[in-house]
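Please read the following report alongside the sequence and the model.

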Amino acid sequence: MTYDIKSMAVIGVGIMGSGIAQIAAQSGHTTYLYDAKAGAAEQAKEKLAATFQKLVDKNKITAEQAASANSHLIVAQQIEDLKDCDLIVEAIVERLDIKQSLMQQLEEVVSENTILASNTSSLSITAIAANCKKPERVVGYHFFNPVPLMKVVEVIRGLKTDPSIIDALDKLSRAMGHRPVVAKDTPGFIINHAGRAYGTEALKILNENVCDISEIDRILRDGVGFRMGPFELLDLTGLDVSHPVMESIYHQYYEEARYKPSPLTKQLLDAKQLGRKTNQGFYNYETDSKTGEEPAKFVERLEQYPKVWVAADFSEDKTQLEDYLTQQNITLDTNPEPQSDSLCLLACYGEDTTQAAIRLGVNPERAVAIDMLYGIAKHRTLMPSLVTKADYHQAAHSIFNLDGNMVSMIAESIGFVAQRVLSMVINLGCDIAQQNVATVDDINAAVRLGLGYPFGPIEWGDQIGSEKILLILNRISNLTHDPRYRPSPWLQRRVALNLPLTFTNEF
């Protein structure tokens, strides 16, 4: 069957439903507004008219476009008014029984060709359709808030969803200015699934007392290039939203170690320290702006520096470090083995400074490791060993402050901060591809647009170097025996065959 969507309805006209209605009306689709609460649809139409006027005032749209959008909005007084719609999107409360009941009610009203879509963020589309006479007409259509600005929408195919409906929603999404990404009906779909790695691994690092929240945010924001640090993001989203999603996906995947939540967010949730909405989360917001972030520590130029002996897992890292040291007039120790008074600078992956020093046969009292996964152009992360002497610790910190850039000095961690978080983000993206939840292109696009990451997870692995990601995961797995760090088969095979992670073999 071919579906041609010209008219649609939105049931539930809260923030999300109104946002969907806005882009539908602006794209020229007749859009019905319906809400079980008396007067809600009328109020939503009035608010949308005000929104269109604001867009005119800001020269975002013309007065004619605003008038056209308003003319495409129709208030439905009763659910029977929706009988001729080509598509109905529900954006009501996240309860399976209520959504199932609504779908059954709609089937008694609409034509056989009407598409029934759910904007659910976490419920199974297959389960929502389970009691329908025609489950093949039910589909997931998951937008993100604020809908007009978040230019991505997940189109979720249930076990029985008609493929022609996926094609119709793909076309509709593009007409509304959104990038559709098609997903299988799995917990978290693409975006909420892919987003599990960032916050959960940062929380695990915090729980291990590797460094404080400010340092973790600084490394991942200023060094790696995330728009916000994980704790800034958790405060923005609100733990009343984030923690239940963490628990839901963890349990839906039957306690898969990769998604394990942190007791800390549950504790903050119980304390009602939800983030910005309560003025207190990981940071304080009582002044309407974030306070409580610890500033980066800066070590001034020393009168004298030790020679520096460099060891690296990858030759390009060693070259980059030696070039920097030479530019800062630091004397290099170029001997095969470090001299007895040299600072041993170790560019290692997936291990702590103690393990790296033992592997390389150097004195851990003079060893400091450096994370080269994201380079040293903007920010540097250093990690002394448990027994590194204070003068070597201070010398390393000062050396990497010499050009004015910031340094994060962390306690020992198997895999640094950026290495752990990025390897988990990339590995999870690979696993989503391995499960065939979505295509590689859709996974990358969904994460860029829906989560705001600098790159999609799979393309990010290619940009950084997939062999580095695999080395990190293998070493962490071997040292911790924690199954959360096991490498995805998708990653392992492509590294073994020297193929890009984005490589797919379509039969």
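Helix 9 and helix 10 are roughly perpendicular to each other, a term that applies to angles of 65 to 115 degrees, whereas angles under 35 degrees count as roughly parallel, over 145 as roughly antiparallel and the rest as oblique. Helix 9 (residues 213-224) and helix 10 (residues 230-237) pack at about 100°, and their axes are 7 Å apart. The axes are lines fitted to C-alpha atoms, for helices over the stretch in contact, and the angles between N-to-C directions run from 0 to 180 degrees. Helices are DSSP runs (H or I, at least four residues), as are strands (E, at least two), and both are numbered from the N terminus.

This is a predicted model, in which local features need pLDDT of at least 70 and side-chain atom pairs count only at pLDDT 80 or more, while totals for chains, interfaces and linings use all residues. Residues are numbered from 1 along each chain as its sequence is written, and side-chain values use heavy atoms, with hydrogens and water left out.

From helix 9, the residues Ile213, Ile216, Asp217, Leu220 and Arg221 meet Pro230, Phe231 and Glu232 of helix 10, where contact means heavy atoms within 4.5 Å. The residues of this contact divide into five nonpolar, no polar and three charged; Ala, Val, Leu, Ile, Met, Phe, Trp, Tyr, Cys and Pro count as nonpolar, Asp, Glu, Lys and Arg as charged, and the others, Gly among them, as polar.

Within helix 10, Pro230, Phe231, Glu232, Leu234 and Asp235 are buried, which means under 20% relative accessible area, as against over 50% for exposed and partly exposed in between (1.4 Å probe, protein chains only). The cover over these buried residues includes helix 8 (196-207), helix 9 and helix 11 (239-252). Just after helix 10, Gly238 takes a positive phi of about 100°.

Most residues other than glycine have a negative phi, and most peptide bonds are trans. Tyr254 is found in the loop between helix 11 and helix 12 (263-270), and Asn329 is placed in the loop between helix 13 (315-327) and strand 10 (343-347). A cis peptide bond joins Asn145 and Pro146, with omega about -5°; Pro146 belongs to the loop between strand 6 (138-142) and strand 7 (152-157).

The table gathers the accessibility of selected residues.

| Residue | Relative accessibility | Class |
|---|---|---|
| Tyr254 | 73% | exposed |
| Asn329 | 68% | exposed |
| Cys132 | 9% | buried |
| Cys430 | 0% | buried |
| His193 | 0% | buried |
| Gly461 | 0% | buried |

The structure holds zero disulfides, a disulfide being a pair of cysteine sulfur atoms within 2.5 Å. Cys132 is accordingly in no disulfide, and the nearest cysteine sulfur, that of Cys85, is 17 Å away.

His193 sits in helix 7 (residues 191-194). Not counting residues up to four places away in sequence, His193 touches Pro187, Gly188, Ile249, Tyr253, Tyr259, Leu428, Ile432 and Gln435. Gly461 lies in helix 18 (residues 457-464) and, with neighbours within four places in sequence left aside, is in contact with Ile426, Ser466 and Leu501. Ile414, in the loop between strand 13 (406-409) and helix 16 (418-434), is 62 residues from Asp352 in sequence and 4.4 Å from Asp352 in space, C-alpha to C-alpha.

Across the protein there are 20 helices and 13 strands, and the C-alpha trace spans about 85 × 55 × 40 Å along its principal axes. Of the 507 residues, 54% count as buried. Among the contacts with a separation of 6 or more, 71% are accounted for by residues 24 or more positions apart.

In an unreviewed UniProt entry, the annotation "domain: 3-hydroxyacyl-CoA dehydrogenase NAD binding" covers residues 8-186, a span that is 39% helix and 21% strand, with its end C-alpha atoms 26 Å apart. UniProt, again in an unreviewed entry, places the feature "domain: 3-hydroxyacyl-CoA dehydrogenase C-terminal" at residues 188-285 and 415-497. Residues 188-285 are 59% helix and 0% strand, and residues 415-497 are 72% helix and 0% strand. UniProt positions are given in the numbering used here, feature names are shortened, and annotations may be inferred rather than shown by experiment.
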